[in-house]
Amino acid sequence: MSIDLKTIKHISKLSRISVDEERANKLAKDLSSIFEFIEKLNELKTDNVEPLTSVAETTLKLRPDEVKSENIREQIIKNSPDSNEDYFVVPKVIE
Amino acid sequence: MTDITSLSLTSLVDKVKKKELSSEEITKSFIERSEKSKKLNTYITDNFENALNKAKQFDEKPNLDLKLPGIPIAVKDLFCTKDVKTTAGSKILNNFIPPYESTVTQNMWNEGAILLGKLNCDEFAMGSSNETSFFGNVQNPIDENLVPGGSSGGSASALAAHLTPITIGTDTGGSIRQPASFTGTVGLKPTYGSCSRYGIVAFASSLDQAGPMSQNVKDCALLHEIISSYDSKDSTSIDFKRNEYSKELNNNIKGKKIGIPKEYRVDGMPEEIEELWKKGIEYVKDCGAEIIDISLPHTNYALPTYYIVAPAEASSNLARYDGVKYGFRADGINLIDMYEKTRSEGFGSEVQRRIMIGTYVLSSGYYDAYYLKAQKVRKLIKSDFDEAYKNVDAILTPSTPSSAFKIGEKTNDPISMYLNDIFTVPVNLAGLPGISIPAGHDKKGYPLGLQLIGKAFDEQNLLNIAYAMEEKIGFENKISDWWMK
């Protein structure tokens, strides 16, 4: 299957990665060949096959609902590109 | 070579316990050799000063009951290490200092090991040659301008060059076993759920596993028993009885049944690989094990399945890198613009490519055709193994379809790069343990590996078979220290 420029622009938007024209063209070419490769799966009939969602056949364990709060606010904030006191700062979203 | 850095982990531990070597002496030796090996570009971040201080502290009050007493170890830069920069080989995490420690590394420090540094890897573990790292290519100590494999390329290279006595990597589609094969070292990808994923930068959560990389099988067994643990902080960690793998290591594999899957004979595979495989079969027979021909009919569908499942999970996992809470941020005129520029400038091209594949296969209208289809084929692949294991104890295959290739040789064609993992990917899809052991050299003198695939949770058997074969093979790695000349 070939992936066209319009599709690349759509997925670029969905994945929040801006791409310029040159990169979009390259991606269209790469993804087309990758999807051609992937489409080999269509050779298989899988109507009656159960999808495998996890190889680990266990049920999730439950734990007591206890607060295990450590005061690590400062450590967390320290890694942010822009902060103001205890808050992460982002470009203005409300006028 | 009789210096400290050439010793195996097991002998280093032994010498510390006998007080023949101090942690400081060992740590100094590895630091000195690492300093002289910058050309290999194995380290992203070194922790030498801290390591030396910790070694001195250890020597002041040595606890010799520990399994890794004062042993310095460098690890893949995909493991979060508290207060030590963790980049995952990406610009987007270039300045990230984790406030917590991964469970796997914590297990090592609990046994007395000391962090030597963080090793180069493909960006977010997405690559098979270490060429997607933001921090540059890694040289394979085997030969100049040769890739060490990937994604745990820095780990494999540092280990083979004796810059660390042992190391850990992560394996999503072959990222431990393929670089081990390319560098003449041993690499184990444990059963899914054996090693905790807590604190490991996520790539594809249903496939990712951490595992040991070592100079020999015994070292591998020792590190594996340390890093494998049940962990409530990882919801897919499995609570099963873990062996003391190194103590129970046994080279008597008489009567074991080893399967040879005919589907692993792929078109265009070099004759040398075929020869190696045949030799492997002879070694197994020499050990008194029985060879049984088996079929894994859906093998050919493993790579296409992987290239849906892994990117889909990656696109979801990597959505968290938005330039807000940590990591790199690019300025934008508004919030959306900031996100888009951050991710465009912060991620390298292979990572972007995989995020886009994943986004597409999960997008509205395509989910059933791709992701659901892949999950169904994944089931068929796993069933192939379940069926085979009714008759055999383990499976023997080549680790890779070729020996290490030159830097730049495959960067322009993603598919040819992906084909590197043809023998390793099915193991991740089925959640099974797999180990690559060095088994010979090709005409160029480059190492070649054989892979053993085991039943789920049967690492002991797998290690035993590898141990027996290792003895028969008698492999010697040819490292000339060319990068120091």
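**Salt bridges**

Mentor: Start with B:Asp14, which counts as partly exposed at 36% relative accessibility. The scale runs from buried (under 20% relative accessible area) through partly exposed to exposed (over 50%), with a 1.4 Å probe and protein chains only. This is a predicted model, where local features need pLDDT of at least 70 and side-chain atom pairs count only at pLDDT 80 or more, while totals for chains, interfaces and linings use all residues. Residues are numbered from 1 along each chain as written, chains are lettered from A and ligands numbered from 1 in written order, and side-chain values use heavy atoms, without hydrogens or water.

B:Asp14 pairs with B:Lys18 in a salt bridge, 3.2 Å from N to O. The term means a side-chain nitrogen of Lys or Arg within 4 Å of a carboxyl oxygen of Asp or Glu. B:Lys18 is exposed, at 52%.

Next, take B:Lys247 and B:Glu244. Their closest N and O atoms lie 3.5 Å apart. B:Lys247 is exposed, at 65%, whereas B:Glu244 is partly exposed, at 33%.

Now cross between chains. A:Lys61 bridges to B:Asp239 at 3.2 Å. A:Lys61 sits in the loop between helices H2 (21-38) and H3 (73-78) of chain A. B:Asp239 lies in the loop between helix H7 (217-227) and strand S7 (257-261) of chain B. Helices (H or I, at least four residues) and strands (E, at least two) are DSSP runs, numbered from the N terminus. A:Lys61 is exposed, at 55%.

Finally, a network of salt bridges links A:Lys26, A:Asp30, B:Glu350, B:Arg353 and B:Arg354. Over all chains, the structure holds 29 salt bridges.
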